[in-house]
Every structure is written in structure tokens, then in C-alpha cells.
Amino acid sequence: MNAIADLNEQTDRSLLIVEDDKPFLERLSRAMESRGFSVTSCDTVSDGLAQIGKSAPAFAVVDLRLGDGNGLDVVSALKKKRPDARAIVLTGYGNIATAVTAVKMGAIDYLSKPADADDIVAALLSTNTDKSELPANPMSADRVRWEHIQRIYEMCNRNVSETARRLNMHRRTLQRILAKRAPR
């Protein structure tokens, strides 16, 4: 992997991950550690800001919407404390306006969830002149829909009725979707 070779050239491999989805945070932390980063993880904006106050990392992966605020506050604080830091913003609620705001506040990239660890490493280590490559196997629209439904289902503590209400979907339709295997 070219990205891993680029990381080996870095002397400071500190990475701050700020994400309120605990299972995703744990998986991403393990994946980034296995790729050579020294990971510190937080699940709130206040914890992220406190960590930056202690020691500003060289890299950051920050969720846009967190339980106690906006992840852009973490990106902004990181860029003030360490202007050479490379931060990317992850979100499941992407739109052009927030992407532009994230870049203006110092983020080098803006990725939508679910993001693969390899994509995150590539975004963190890319140079400004590199263009992101199209994914070799992009998710189908059915798979993206299924992932979104699963995420909301988990957020509703696996309550089918509540999930159906939030997705504005009939409960039986949701039950049929949940009973099927994930599309490719």
C-alpha cells in the first residue's frame, strides 16, 4: 500500500478520532492502529477539545454531528493549536454547504459514512495536488439504503416501530427489509 509507505515517512503518527457511534469508533481505532497510527479516541466535542488542549495530534478524523455539538469546532481548535495538522470530517448527513464550511475551517477532506479505513488513510495522507480516485467497487444504491436503515435501527435500540416512524415507513415493510440479507 502506497498510503502505508507515506505514513512510514511521517515522524508524528498521532491521530485523534472524535466519533459518537461507539462501535464504529472502536472498529476505526483498531483499523487505524493496525495501519501504524498512534490513536486517541473521544466520543464528544468536549473530550476532543480537551485532548487537543493536552497535545494536538498530527492527524484527526472527526464526525460532523456529535451528541454535544458540532465536530467542526474540534477541527477549528486543532488548526489553531497546530496549523500543519491534517483533519478530515466524516458524516452520515453530507451536503455541499457543510463540506465547504469544513474545508474553510481547515479540514483537508470530507467523507460520507460508512467510510472504509483505507479511504480514510488515503484522505489523511493525500497531498493537495492528488485527486481522490473513484472507488473500485462503489456501494450500490440499495446497499447505501440498507446501511442507512441499519444505522437508524441501531440508533433506535433495535426497536422496529420507532425505526419505522423515524424513516416514515410502514412497520411491516421495515420488518421485511430487516429480514433480508444485505444487498451487494
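Which side chains meet in a salt bridge of 2.9 Å, N to O? The side chains of R165 and E162 do so, and the views below place this pair beside other parts of the structure.

The model is predicted: local features need pLDDT of at least 70, side-chain atom pairs count only at pLDDT 80 or more, and totals for chains, interfaces and linings use all residues. Residues are numbered from 1 along each chain as its sequence is written, and side-chain values use heavy atoms, with hydrogens and water left out.

**View 1. The pair R165 and E162 in helix α8.** Both residues belong to helix α8 (residues 160–167), where 3 residues, about one turn of the helix, separate them. Helices (H or I, at least four residues) and strands (E, at least two) are DSSP runs, numbered from the N terminus. R165 counts as exposed because its relative accessibility is 58%, and E162 counts as partly exposed because its value is 22%. Salt bridges with shared partners join E162, R165 and R166 into one network. The terms used here are as follows: buried means under 20% relative accessible area, exposed over 50%, and partly exposed in between (1.4 Å probe, protein chains only). A salt bridge is a side-chain nitrogen of Lys or Arg within 4 Å of a carboxyl oxygen of Asp or Glu.

**View 2. Further salt bridges of the structure.** The structure holds 6 salt bridges. In one of them, R82 is paired with D84, with the closest N and O atoms 3.2 Å apart. R82 counts as buried, since its relative accessibility is 18%, whereas D84 is exposed at 55%. Another salt bridge brings together the side chains of E154 and R158 (2.3 Å, N to O). With a relative accessible area of 41%, E154 is partly exposed.

**View 3. Two loop residues with positive phi.** R158 is located in the loop between α7 (141–155) and α8. Its phi is positive, about 60 degrees, although R158 is not a glycine. N168 is located in the loop between α8 and α9. The phi of N168 is near 55 degrees, again a positive value in a residue other than glycine. N168 counts as exposed because its relative accessibility is 74%.

**View 4. The positive patch and helix α9.** R145, R171, R172, R176 and K180 gather on the surface in a patch of positive charge. Such a patch is made of residues with over 30% relative accessible area and no salt bridge, like charges being joined within 9 Å. Helix α9 (residues 171–179) gives the most to the patch, with 3 residues. R172 lies in helix α9 and counts as exposed, at 52% relative accessibility. I177 is also found in helix α9, but I177 is buried, with a relative accessible area of 14%. The C-alpha atoms of I177 and I149 are separated by 8.8 Å, and the two residues are 28 apart along the chain.

**View 5. The largest nonpolar core.** This core has 22 residues, and those with the most contacts inside it are L15, L28, M32, V61, I120 and L124. At least two residues of the core come from each of β1 (14–18), α2 (22–34), β3 (59–63), β6 (86–91) and α6 (117–125). The largest share, 6 residues, is supplied by α6. A nonpolar core is a set of buried Ala, Val, Leu, Ile, Met, Phe, Trp, Tyr and Cys residues joined through side-chain atoms within 4.5 Å.

Notes: Patch = residues over 30% accessible without salt bridge, like charges linked within 9 Å, V, L, I, M, F, W, Y side chains within 5 Å. Areas by Shrake-Rupley, 256 points an atom, 1.4 Å probe, with all protein chains shown as cover. Lys, Arg positive; Asp, Glu negative; His and termini not counted. Charge placed at Lys NZ, Arg CZ, Asp CG, Glu CD.
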